[in-house]
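Hello,

Here is the structure I promised to pass on. My notes follow below it.

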Amino acid sequence: MRDEYTTVFYDLVQETQSATGYELPVDIESYIVMLLADKLDKPNFLPEETFAQSYLKLKTPYRYTAKELGDCCLFVTSVFPEYGISVRYYSDIGKSSYTLVQQGLNAELFGMLATQFDFIRDFINLSVRKNNSPITAIR
């Protein structure tokens, strides 16, 4: 992940917060910035199997594999909402994955990502649909 990506997405999230009046908790704001910056250079971010198969194969301790699946679901639903089956399908898998992660990692952060998944998804979607987003170039 390049520093310039982080800077651009941080600015984008700040602009979206200003435009909408929503103020995200700092840890969620940081998570969104890092997620977008990380995925920008990774064209092969989708799971090797279907999302459902990947979810069913998660093993304890869930930690990183469930986090990766949750991140992928959040990225797909917010940046490519027209992808695949339906936004709800991927959102449900993402929420469940983040719920599993909170058992082994930062419970507060991943609990918030799970319970506020739809809002965060919509916030990211609004952010990346702006004309000055680097993501619009890959869409």
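**Phe119 and its ring partner**

Leaving out neighbours within four places in sequence, Phe119 is in contact with Tyr22 and Leu24. Contact here means heavy atoms within 4.5 Å. Phe119 lies in helix H7. Helices (H or I, at least four residues) and strands (E, at least two) are DSSP runs, numbered from the N terminus.

Before the rest, the ground rules. This is a predicted model, so to speak of local features takes pLDDT of at least 70, side-chain atom pairs count only at pLDDT 80 or more, and totals for chains, interfaces and linings use all residues. Residues are numbered from 1 along each chain as its sequence is written, and side-chain values use heavy atoms, with hydrogens and water left out.

Back to Phe119. Its relative accessibility is 30%, so Phe119 counts as partly exposed. The cut-offs: buried is under 20% relative accessible area, exposed is over 50%, and partly exposed is in between (1.4 Å probe, protein chains only). Tyr22 is also partly exposed, at 45%.

**Aromatic pairs**

The structure holds 12 aromatic pairs. Rings of Phe, Tyr and Trp (its six-membered ring) pair if their centres lie within 6.5 Å; planes under 30 degrees apart are stacked, over 60 edge-to-face, and the rest tilted. Tyr22 and Phe119 form an edge-to-face pair, 5.1 Å centre to centre with 85° between the planes. This pair links distant parts of the chain: Tyr22 sits in the loop between H1 and H2, Phe119 in helix H7, 97 residues apart.

Tyr31 and Phe110 have ring centres 5.8 Å apart and planes at 85°, so this pair is edge-to-face. Tyr31 is in helix H2 and Phe110 in helix H6, 79 residues apart, so to say distant parts of the chain are linked. Tyr31 counts as buried at 12% relative accessibility. Phe110 is buried too, with a relative accessible area of 4%. Ring pairs link Tyr31, Tyr98, Phe110 and Phe117 into a cluster.

**Fold and core**

The protein chain has 7 helices and 0 strands. Buried residues make up 42% of its 139 residues. Of the contacts with a separation of 6 or more, 72% join residues 24 or more positions apart.

Which residues touch the most other members of the largest nonpolar core? They are Phe9, Ile32, Leu36, Phe51, Tyr98, Leu113 and Ile124, out of 39 residues. A nonpolar core is a set of buried Ala, Val, Leu, Ile, Met, Phe, Trp, Tyr and Cys residues joined through side-chain atoms within 4.5 Å. Helices H1, H2, H4, H5, H6 and H7 each give two or more residues to this core. Ile32 touches Val13, Leu24, Ile120, Phe123 and Ile124, not counting residues up to four places away in sequence.

**Val76**

Val76 is found in helix H4. Its relative accessibility is 2%, so Val76 counts as buried. Beyond four places in sequence, Val76 touches Phe45, Leu46, Phe51, Pro81 and Tyr83.

**Largest pocket**

The largest pocket holds about 250 Å³ of space. Among its lining residues are Phe45, Leu46, Glu48, Lys57 and Cys72. H4 supplies the largest share of the lining, 4 residues. On a 1 Å grid over the protein atoms alone, a pocket is an open set of points where a 1.4 Å probe fits, with protein on both sides within 12 Å along at least five of seven lines; lining residues have an atom within 4 Å of a point. Points are joined across faces, edges and corners, and the volume is the space filled by probe spheres set on them.

Best wishes
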